[in-house]
Amino acid sequence: MPQKMQKPEIIEETKKRIFSTIMEGDRDLAVTIVRDWAIGNSYEDAIHQILEPVMETIGKDWGDSEKVSLGQGYVLSKVVEDIFKEAARKRLQTGQPPQEKGPVVIGNILDDNHSLGRKLVKIFLETEGWKVYDLGNDVPAVNFVDKALETDAPVIAVSAMMLRTALNIKEVRAEIDRRKLGKKIKLAVGGAVFCQRPELVNEVGGDGTSYNAIGVCELMEKLVHDLKSVQERAS
């Protein structure tokens, strides 16, 4: 069925409704608005035209408790989770499962317990076909590397919200280097503090970052591609 061509002003008004509904804490209404758009158009269109721009808007203030509270962040994460699960079910029903991309290990670094961003990343990755091994919060460096070796994951993605905890990611880089795994495992980093201080990516030894959950799949594919290029040159 051909998709409707929506006027830009209708798209903008719908995004504003979803944004205000999430900020007011009404998860069910926000999901209903996105779902209605998907029914009239498609889930892909609802995600890319409607939901992702709202996530990007909220993501700019992620980590600033005066602008986005933990409660509002939680509502956003649950709305995204609900819609992505529906989109995944729809895709399976139409015989279009996502292409399998391989394993990735994710988690919050030692002493960091801010899980909302990581959960959004997991949703995006799983929807695009990645096999995600989520180690949760407060994860020691050695656990990330052990799990990557156990699952043959080419990428470890580590999250931190604050500078104090982000600096602990250096230990993951040190563990990768200590075991001489730089040509086998890439290190992705992310979290609010990396949006505020982009130079921190290099400081902690990261191979790349995504400034929001929307771009994380593209980042994973780039890191895997870079890793394969290094391996091919070495062979």
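Student: In which loop is Asp112 found?
Tutor: This is a predicted model, in which local features need pLDDT of at least 70 and side-chain atom pairs count only at pLDDT 80 or more, while totals for chains, interfaces and linings use all residues. Residues are numbered from 1 along each chain as its sequence is written, and side-chain values use heavy atoms, with hydrogens and water left out. Helices (H or I, at least four residues) and strands (E, at least two) are DSSP runs, numbered from the N terminus. In these terms, Asp112 is found in the loop between strand 1 (102-108) and helix 5 (116-127).

Student: How far from Asp112 is the nearest side chain of opposite charge?
Tutor: Asp112 is buried, a word that stands for under 20% relative accessible area, whereas exposed is over 50% and partly exposed lies in between (1.4 Å probe, protein chains only). Lys and Arg count as positive and Asp and Glu as negative, with His and the chain ends not counted, and a salt bridge needs a side-chain nitrogen of Lys or Arg within 4 Å of a carboxyl oxygen of Asp or Glu. Asp112 has no such bridge, and the distance to Arg164, the nearest side chain of opposite charge, is 6.8 Å.

Student: With which side chains does the side chain of Asp112 make a polar contact?
Tutor: A polar contact is a pair of N or O atoms within 3.5 Å; within protein, one must be able to donate a hydrogen and the other to accept it, and residues adjacent in sequence count only if both atoms are side-chain atoms. For the side chain of Asp112, one such partner lies at 2.8 Å and another at 2.7 Å. The partner at 2.8 Å is the side chain of Asn108, and the partner at 2.7 Å is that of Thr165.

Student: What are the edge strands of the open sheet?
Tutor: The sheet has five strands in the order 2-1-3-4-5, with parallel pairing, where two strands pair if DSSP finds at least two bridges between them. Strand 4 (residues 186-190), for instance, pairs with strand 5 over two bridges, and Ala188 stands opposite Gly208 in strand 5. Each edge strand pairs on one side only, and these are strand 2 (130-134) and strand 5 (208-209).

Student: How many residues apart in sequence are the parts that Lys101 and Glu221 tie together?
Tutor: Among the 15 salt bridges of the structure is the one between the side chains of Lys101 and Glu221, at 3.0 Å from N to O. Lys101 lies in the loop between helix 4 (70-93) and strand 1, and Glu221 in helix 11 (residues 216-234), so the separation in sequence of the parts tied together is 120 residues.
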